[in-house]
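This report covers a cavity and a helix pair. Have the sequence and model open as you read.

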Amino acid sequence: MSARLLKKVLKEQEQRSQQFIAEEEDDDEQQLNGDESESPDSGTRSLKNPFDLLNEDDEEDNPDQVEEPEVADEISGGKQQLPVMKNTTSQASDNKSKKKKKKKSKGGSLNSDKSEKSLDAALKTLYLDVSSSEPQSDPVKTKSENAKVCDNLVKRTGCSILQVDPKHLNAENELKRIFGSKVVKSFEKSNQSSGQRQIRGGRRGSHHIRKTVLVSPLDHWPRWDGSFSMELLETKDGYNYFRYIHSSSYGQAQRAFEAAQAIHDLNGVASVLMHHPYHLDSLLTMADYFKFVGEHQMSADSIAKCLYALECAWHPMFTCFQGNCQLKYSHDANNPLFKALFIHMKNMDRRGCHRSALEVCKLLLSLDLDDPMGAMFCIDYFALRAGEYAWLEQFSEEYKSDNSLWLFPNFSYSLAVCRFYLEREDSSAAACQDTSKATSADLMNQALMLHPAVLKKLVNKVPLKDQAWTNILKNSFFHSDQTGVASLDHLVNIYVERNYLIWRLPDLQRLLRDGAQLVIESLEHNRNDAKDWACVRKEAFSSGKNEYAHLLVQDFSDTVPTLPPDNLQNFMVDPRAALQIGNLVPDPVDAGHAPPPRDIGNRNPLVVLIESMLPWVNYADAGDVVAIDENQHNGHAQDDEND
């Protein structure tokens, strides 16, 4: 055989052998693919996603789901098929995730329905078990338990009606609602720039100022020194009773203040504040002084410092905004908080922040239900000015649960005004009115019959100069402005001084005039109504003495003197304390005699000059010197005659 033929035969054999090997490899590949589809554990595990093990339960539930194909490493053409297989795997995973979401949503809804049904069934069974196992109670016990429950409900309603909204305590927020945030921010920036110019030469404070609710502290205020704190006394009838306690350093400052107060030395008070910047009595004294001088902003800053220190000392359990805390005024250490809150309330009223003043008044009334500051006699005014008409009606019905507030002059007239504005809101909103409540005209007639002395004082104070008012005041029923009861006359004066601004509105003047005319017409037909209302008035105010003498009418007035008085005793002595003591510090002019003149003979001229600046020092004129010499001469002559 030739060499060429041999080479040709060998090539044919090699081709046949290669074809046979390729066929065997194809058969092996088909067998491998079939085994992998039958058993998931067979084949290569390097390309299998381990998170697919979590989906085995879903695959078992869905046998029709497309399985993820795998590629054997032994196949030579596997590399070309990888991108196609990746696409198939992503599609399969997307299908699985979508089906899982559907299953979870269906399962969650079914589980929620089952849980709701099971809860309802459990509650029903529990209710049946309790009702069946509960023995029949004694009617006497049930009445006593019901009485206790009613008392608790009354206390809770009293607390809830006096709850304070902290967001309305900030006067800046109310100013932003009234004038807009841009105007308030520009005003604050101007004040901050002026304040920075004032303290530019001093050392800037690097300490952190604690944020408070009652006031917004300024950055240049001193650090809170912790000179006093608050302690919990007891828990009684759902109220927590607290009291302020002073440290030894505060006691030293208090003694220094009392020494300066005894000699009427304002410089001594200022020196106390230099060493103890948060001494409460000194801050209150300087606030009064700045008020009389006319520096109202400095007076407000002193009150704000006082409130800042008082709030920093609060007990962790002192949740005064809930209406469940009591801070009795009978404890002397608690008095500065009441005084500062009362002055702060008046300051916000002067700024036009009536809603903030209302919240402070609610806080002041809730701290001591005995109402030592007379917050009850101005809370109606702030509610009317703030437009809280519905709250005022609710307060008059729920406070102390005796429904007797309408007997006071301020509430009897304010409730009529409140109902007048509520009727206007109902008519504008086209809502159905509550027929169970009296109308504003009926409430006004009731107020005029109960307190007729208010009308004449209002006409003079507002003033009302129409001829109709002159004719009304000629009637004998409205002719007098005195009731003959000291307590009632005092409350009438407080009401007129506090609320006379409201009656300058024409609509309210018309309501008052129509009510007075209806009262006159009704009295012409039946004079016994006046006697009946007089009996009600005497029963409500039966005390012969003035029970509200501690409340000064000037404290409820908006007028503030701009010049200091002739002496500094008004700055150093609390007028209420002077009344309680019995006027131990009388005014020499009111007593009927002037202080004795001082002699300036043989004295240092500089000392006399400084002493002459004191307002209570009186130096003798030439005529006074002659009179003094004559009195002395007559006295010596009488002594010689007696000898």
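Which residues line the second largest cavity?

## Model basis

This is a predicted model, in which local features need pLDDT of at least 70, side-chain atom pairs count only at pLDDT 80 or more, and totals for chains, interfaces and linings use all residues. Residues are numbered from 1 along each chain as its sequence is written, and side-chain values use heavy atoms, without hydrogens or water.

## Second largest cavity

The lining consists of Trp-406, Ser-412, Leu-415, Ala-416, Leu-443, Gln-446 and Ala-447 (lining residues have an atom within 4 Å of a cavity point; a cavity is a set of points on a 1 Å grid over the protein atoms alone where a 1.4 Å probe fits but cannot get out). Helix H15 (409-429) and helix H16 (440-450) are the elements that give two or more residues to this lining (helices are DSSP runs of H or I, at least four residues, numbered from the N terminus).

The second largest cavity holds about 40 Å³ of space (a volume is the space filled by probe spheres set on the points, with grid points joined across faces, edges and corners). The whole structure has 3 cavities of 30 Å³ or more. By class, the lining of the second largest cavity has 5 nonpolar, 2 polar and no charged residues (Ala, Val, Leu, Ile, Met, Phe, Trp, Tyr, Cys and Pro count as nonpolar, Asp, Glu, Lys and Arg as charged, the others, Gly among them, as polar).

## Helices H13 and H19

The axes of H13 (residues 379-386) and H19 (residues 486-499) come within 10 Å and cross at roughly 25 degrees (axes are lines fitted to C-alpha atoms, for helices over the stretch in contact; angles run from 0 to 180 degrees between N-to-C directions). H13 and H19 are therefore roughly parallel to each other (angles under 35 degrees).

Asp-380, Tyr-381 and Phe-382 in H13 meet Tyr-495, Arg-498 and Asn-499 in H19 (contact means heavy atoms within 4.5 Å). The contact of H13 with H19 has 3 nonpolar, 1 polar and 2 charged residues.

Conventions:
On a 1 Å grid over the protein atoms alone, a cavity is a set of points where a 1.4 Å probe fits but cannot get out, and a pocket is an open set with protein on both sides within 12 Å along at least five of seven lines; lining residues have an atom within 4 Å of a point. Angles under 35 degrees count as roughly parallel, over 145 as roughly antiparallel, 65 to 115 as roughly perpendicular and the rest as oblique.
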